[in-house]
Amino acid sequence: MKNKILSITLAVLMAASISACGNTANNTEVSAETNAPSETSAPSIAETSESSESSDSRRLSIVVTNFPEYDFAHQIVQDNADVTMLLKPGAESHTYDPTPEDIITIQNSDMFVYVGGDSDEWVNDVLSSMDQSHMNIFRLMDAVETVPEELVEGMEEEAEEEESAEDGEEEVELDEHVWTSPVNAMTIVRKMSETLETLDPANKDAYEKNASDYISELSDLDKEFQDVVSSSKRKEIIVGDRFPFRYFCDEYGLSYYAAFPGCSTDTQASAKTVAFLIDKVKSDEIPVVFHIELSNEEMCNSIAEATGAKSELLNAVHNVSDEDFKNGVTYVSLMKHNVEVLKEALN
Ligand SMILES: [Zn+2]
């Protein structure tokens, strides 16, 4: 039903936006035409508009779906191109639906970045209905190796999965949270930068330098996580919440228990799941139970209360609050917080 409405919206929008959407070459033509007559009527305004329009038309427009993509792209281009994040700061990333304006924004972009998982399945419908000839599409899940979502002992099974298991069809759902591993982030940034350098040769050197500086920051971060884990007493974390940390845990050799696999849409865990996690915290003497960002923290808090463990945020960096966005928090700054809480949780 949702897809049907989306298709209709798309058909209408595509018809309406044919004249609005143009590639860089078209924009240049348009600005040349509009500037010509105004030269005689109002030279000073024409000069201003000519210089701003021609510099705007050279600026690359990058449109991304979530915060990690926004931050990675922004670190590479800095002030040399425009980066637009479709997800509003503070919004839940798994239930995002594009507005008609968002679809036009995507259509008019030079580069569109999305994850490619369950949460942004809408992208397939949107892209298949638009002319992609001028667009460059960058899918995070194509940039690195992916693994399936894993159901570990004690996790709540998703209702959908139970149904398909009854039908006898086994649908493997790939885990979309590829960015939670800083090593994956390095690969993504390198590949994103290579694409941007091709699309915007005038800024090639700047992008190359920014990407290489940023990759060395990510590499330092990776080293910090490695040091924390290699010198820690425990190699196990417990997340009383959804579990978007598969790539992160695999990277650093951590075992884990959590309430829900991946970013399940379920938010109510059964008494059995909560009881299992409480027993685990007690038997393994776990000092810190984690919840993720923008969560109601309820389950994590009740496990913490029942066990005396501390409740802390382990940030999976799906999105940031409005305030954090305005204050310019970054993937690295949020991950540095994770280094600190991990130290506590593993010792
Ligand atoms: Zn998620």
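**Close-up 1. The contacts of Ala 258 in the predicted model**. Leaving aside residues up to four places away in sequence, Ala 258 touches Met 155, Val 239, Asp 241 and Phe 243. Ala 258 sits in strand S6, which covers residues 255–261. Is this alanine buried or exposed? Ala 258 has 29 C-beta neighbours inside 10 Å, so it counts as buried, the cut-off being 20 or more.

**Close-up 2. Helices H9 and H10 side by side**. Here we have H9 (residues 182–199) and H10 (residues 204–230), whose axes come within 9 Å and cross at roughly 175°. That angle makes H9 roughly antiparallel to H10, because angles over 145 degrees fall in that class. From H9, the residues that meet H10 include Val 183, Met 186, Val 189 and Leu 196. Among their partners in H10 are Tyr 207, Ala 211, Ile 215, Leu 218 and Phe 225. By class, the residues of this contact divide into 13 nonpolar, two polar and five charged.

**Close-up 3. The crossing of helices H12 and H13**. The axes of H12 (residues 271–283) and H13 (residues 298–307) come within 10 Å and cross at roughly 45°. The two helices are therefore oblique to each other, and H12 passes H13 in a right-handed crossing. H12 brings Val 274, Leu 277, Ile 278, Val 281 and Lys 282 to the contact, while H13 brings Met 299, Ser 302, Ile 303, Ala 306 and Thr 307. Sorted by class, that gives seven nonpolar, two polar and one charged residues.

How values were computed:
Residues are numbered from 1 along each chain as its sequence is written. This is a predicted model: local features need pLDDT of at least 70, side-chain atom pairs count only at pLDDT 80 or more; totals for chains, interfaces and linings use all residues. Helices (H or I, at least four residues) and strands (E, at least two) are DSSP runs, numbered from the N terminus. A residue is buried if 20 or more other C-beta atoms lie within 10 Å of its own, exposed if 12 or fewer, and partly exposed in between; C-beta atoms are placed from the backbone. Two residues are in contact if their C-beta atoms, placed from the backbone, lie within 7 Å. Axes are lines fitted to C-alpha atoms, for helices over the stretch in contact, and angles run from 0 to 180 degrees between N-to-C directions. Angles under 35 degrees count as roughly parallel, over 145 as roughly antiparallel, 65 to 115 as roughly perpendicular and the rest as oblique. A crossing is left-handed if the near helix is turned anticlockwise from the far one by less than a right angle, and right-handed if clockwise. Ala, Val, Leu, Ile, Met, Phe, Trp, Tyr, Cys and Pro count as nonpolar, Asp, Glu, Lys and Arg as charged, and the others, Gly among them, as polar.
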